[in-house]
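Here is a short report on one protein chain. Look at the sequence and the model before reading on.

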Amino acid sequence: MLEDTERSYDFSVRIDTVVPGATGAVSIHPEWGEFAFDPDTTNNKAVLAVN
């Protein structure tokens, strides 16, 4: 995928305890191995904030 490519994926989030200002992370990776076409896997994640 190119640098500015966008993809959408469905996922569920379960919140057990409310913690103001808390964040989490989401990363994407194949079920097996690595993305052979991706020379920089350090940018395969994003901050997830639920307010």
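## Model and fold

This is a predicted model: local features need pLDDT of at least 70, side-chain atom pairs count only at pLDDT 80 or more, and totals for chains, interfaces and linings use all residues. Residues are numbered from 1 along each chain as its sequence is written, and side-chain values use heavy atoms, without hydrogens and water.

The protein chain has two strands (DSSP runs of E, at least two residues) and zero helices (runs of H or I, at least four).

## A salt bridge

The count of salt bridges (a side-chain nitrogen of Lys or Arg within 4 Å of a carboxyl oxygen of Asp or Glu) is one. D16 and R14 form it, at 2.9 Å, N to O. Both partners are exposed (over 50% relative accessible area). D16 has a value of 59%, and R14 has 69%.

A pocket is an open set of points on a 1 Å grid over the protein atoms alone, where a 1.4 Å probe fits, with protein on both sides within 12 Å along at least five of seven lines. Its 14 lining residues have an atom within 4 Å of a point; I15, V19, A22, T23 and V50 are the closest to the centre. I15 lies in the segment before β1 (24–27).

Key:
Buried < 20%, exposed > 50% of the residue type's maximum accessible area, 1.4 Å probe, protein only.
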